[in-house]
Amino acid sequence: MSSQIAISFCQVSQRFALDKVDFNLRAGQVSGLIGPDGAGKTTLMRLAAGLLVADEGDIQVLGIDVRNDPLAVQSAIGYMPQRFGLYEDLTVAENLDLYADLQGVSLVRRRTRYDELLPMTGLADFQQRLAGQLSGGMKQKLGLACALIRSPRLLLLDEPTVGVDPVSRRELWAIIYRQVNHTGMTVLLSTAYLDEAQRCADIILLHGGRCLAQGRPESFSAALHGRVFEVRSRDESKRQLQARLNQRPEVIDALVEDEQVRVIARAGTVPDMFTAVDSLGDILVRAVEPVFEDAFIARLKEETATGKRAGIATAHALPKALPSDNDRVISVRNLERHFGRFVAVKGVSFDVSRGEVFGLLGANGAGKSTTFRMLCGLLPVTSGEARVAGVDLRHGAARARARLGYMAQRFALYVDLTVLQNLRFFASAYELGREQAKRRIGWALAAFELEAFKQTSAGDLPLGYKQRLAMAAALMHEPDILFLDEPTSGVDPLARREFWQRINALAESGVTILVTTHFMDEANYCDRLLIMADGEMLATGSPVEMKARFHQPGKPSPTMEDAFIALIEGKDRARSAA
Amino acid sequence: MSRQSVARRRLLGMIRKESLQIIRDPSSIAIAFIMPVVLLLLFGYGVSLDARHVPIAIVVEQADGQTVSLGAAFSHSEYFSPQYFATIQRAQKAFDAREVFAIVWLKNDFSDHLRRGDSGGIGVIVNGVDANQARISEGYIEGVWQTWLLSYIDQQDLNLSLPLTMQSRLWFNAAVSSRNFLVPGLIAVIMTLIGAMLTAMVVAREWERGTMEALLVTPIRINEIIVGKLLPYFILGMGGMLLSVAMAVGLFGVPLRGSFLLLVATSALFMLVTLGMGLLISIVAKNQFIAGQIAIIVTFLPAFILSGFIFQIDAMPEFIQWLTLLIPARYFVNILQTLFLAGNIWPIILANAAALAVMMLVFLGLARHKMHKRLQ
């Protein structure tokens, strides 16, 4: 069985999406389709499912030619599109019934199948609940159950874990592996989470519509063996060190992680780098095992061949000295927000100092955005105290707002206006004078490398550039504090890196940054964190402290995800004990 | 399980899903049942193309028995509510202020002129801004005047030469009530909304929410998707139709002179035409907003304006008259008005039904041809 081929693409091309893609996938294992936004992942999935017809090339799925007989393929596979393909106005049971009807599952077989699937997905107690009222993680599991209803021989999952909390992600993987082990099912799934690659038996790396590489995850990172280091300095801040390392020709990538900088060296340049690094002063260098993400970034950076930019200079000199209220820029005590009887945020307290990058981490619906909107003065506080830039939000929300920049979820840009028109609009919205506006627009176009897109409509920009423009707009009035709400959601790993580099430069220049994210790896880039669940604080502290709390004999170096899951599970245990 | 029973299960599953969605979605219920009620009440009670209780000014420069009697004739007519003025200047002020729609001016030598048998003593001014209303009011004023004049001649026993009077009878709508004419036409508008707009929007919703993609990857056949979608909305639309007919006959007393079965049969035919249009729109429009807009522009507005439901097609410019031939509602409005007000006039009904049948085949055929299990 395991030597069989489940999917084979032979020189497959599709206009605007795929270019001569060639691969074979073995049956009976989990394969991952990985690549940045716009790489062609969804197109590839749809081609395999017979939803699209390839312009050129042959596709065989389970030994069937998809072009000739898509119905035969569709009768043998399970497919979960992005956003899970559920009918939100039907209940859990009705969704299952519908897909069982459509897949031709007999009433008898259906009963035994439900008895397997419902407990496995934890949906047994929610059969009469409308799908629209399920949490993101439960929707995802229901979508999976619908795709598994007929025990398909092949399961196609298009970004099944996007926007879902880490606990649910882990459970999803457990379900998938159980099916693979029990029934010999083949799985192809696409993902934007690089840490998930390590869970796959086989990886296809897709970029710009081309298949760059295929192999086991270890084979990707093996190429980087001996080229990945953790560097820390006693003389300068981690961000200064990162900025400096990033400018070295030997360095492919340098990234602030916890208290140190993770560096990937160009092949054959390791000795040079050590001498270079030596000249930087009192420095500690430690070679570390490469992970898949290192390999992915290195591979894509070499592929895009953008070369080394002369450092990203986003920082702006802060014109006005802050009133020195002992450097505590944001101070929150017992913050609460109710919507009717629903308590969205409960008893949240924290402080943020000047120049700090402070992260709010939590699943969808944890209360991150509500907290944010209160701090920006967009939403009145129900009770508790919140001071931003020394101003009490209950009295001077408007005054505080002049000091802060806010980048909303999904980038609040005017998609019909050009880049330049957007910047002009935001300059006038912040009441900049003519000279100042001209200066800031010039700065934004240069610092965010938007000059070439000046006359492009914001709606036509690639996602990474939209993100840049939104950030530039939020910085028009040179704020002391920057609020970023899910700034990297849906943006590919390369653009995310670049984005964090800009954030680091800003923090280094003294801007205080608050950021919400559901990417666990991004939490490592923050100075301090607040982890939230169901509107409550679970923990606060530096990433290193958080992870250190969950040291276990079996897990010497827990990841942020381990820490997060342990916190959530601890909370659930406390609740069920109560 | 046999092939056929698997196919039947797929179709039933699809129909059940669609029906559940209709029941759970307040907006489908609103479009199918609440909107017909609102539209019917609005058109049944609010909009009337008849002149009734039109405010007019009567200027009496010199009051005597004749002017009082003529004034009473206007007061007694249900078409007018007169106000009295002593001078034409005052009346004109009220006319300019739009307090009155017309002026009947009885000059100080009104009775002298009357005795002499000429009409030089009376003048009428009508506000011509709303041409329709002006023509109707003018006619009614004329009517009141003629009736009064006849009885005057009768009473006075005068031997005056009478103008020749015409005896006319109105058929089919003897009360000349515009309601009897509007309400049947409204049913066509309501069914267009349910068939085209609702259908286009629910298919667009499936695209928007990504459920269509999941649906297309199952072994379901295109015909099963189409039938599964059409059947529940067909039933919903016929329900809206029956509700409208019940209201028209029960509440507004519109007569139904033709056969009820024939009404149901032709309605079913029209329903299929609008469902075909809805499906065609949903192939082009993949989001609800655009689907709604297209449906309003290409189905609802033409059904409202160009179907002869309110505006007489014969009175339209020739080019527009040709254009109305493309509007399915035009044929159905014709059938409805015939069945309600005249009866089973077979030549009219068959000709219009044939046009609808052709349109049904074209729209449903095109929709079937254009829909396939691919995303492009």
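Let's start inside chain B. Strand S1 (residues 54-60) and strand S3 (residues 102-106) of chain B run parallel, joined by five bridges. B:Val59 has B:Trp105 in S3(B) as its bridge partner. Strands here are DSSP runs of E with at least two residues, helices are runs of H or I with at least four, and both are numbered from the N terminus.

A word on the source. This is a predicted model: local features need pLDDT of at least 70, side-chain atom pairs count only at pLDDT 80 or more, and totals for chains, interfaces and linings use all residues. Residues are numbered from 1 along each chain as its sequence is written, while chains are lettered from A and ligands numbered from 1 in the order in which they are written.

Now the sheet. It is open, mixed in pairing, with four strands of chain B in the order S2-S1-S3-S4. Two strands pair if DSSP finds at least two bridges between them. Strand S2 (80-85) and strand S4 (122-126) of chain B are the edges, each pairing on one side only. On average, neighbouring strands are turned by 20 degrees against each other, direction ignored.

Next, the helices. Helix H4 (residues 88-96) of chain B packs on the sheet and touches S1, S2, S3 and S4 of chain B. Its direction makes about 165 degrees with that of S1(B). Helix H6 (residues 131-156) of chain B lies across S1, S3 and S4 of chain B, at about 160 degrees to S4(B). Axes are lines fitted to C-alpha atoms, for helices over the stretch in contact; angles run from 0 to 180 degrees between N-to-C directions. Contact means C-beta atoms, placed from the backbone, within 7 Å.

Last, the interface. 25 residues of chain B are in contact with 28 residues of chain A. H1(B) gives the most to chain B's side, with nine residues.

How values were computed: Two residues are in contact if their C-beta atoms, placed from the backbone, lie within 7 Å.
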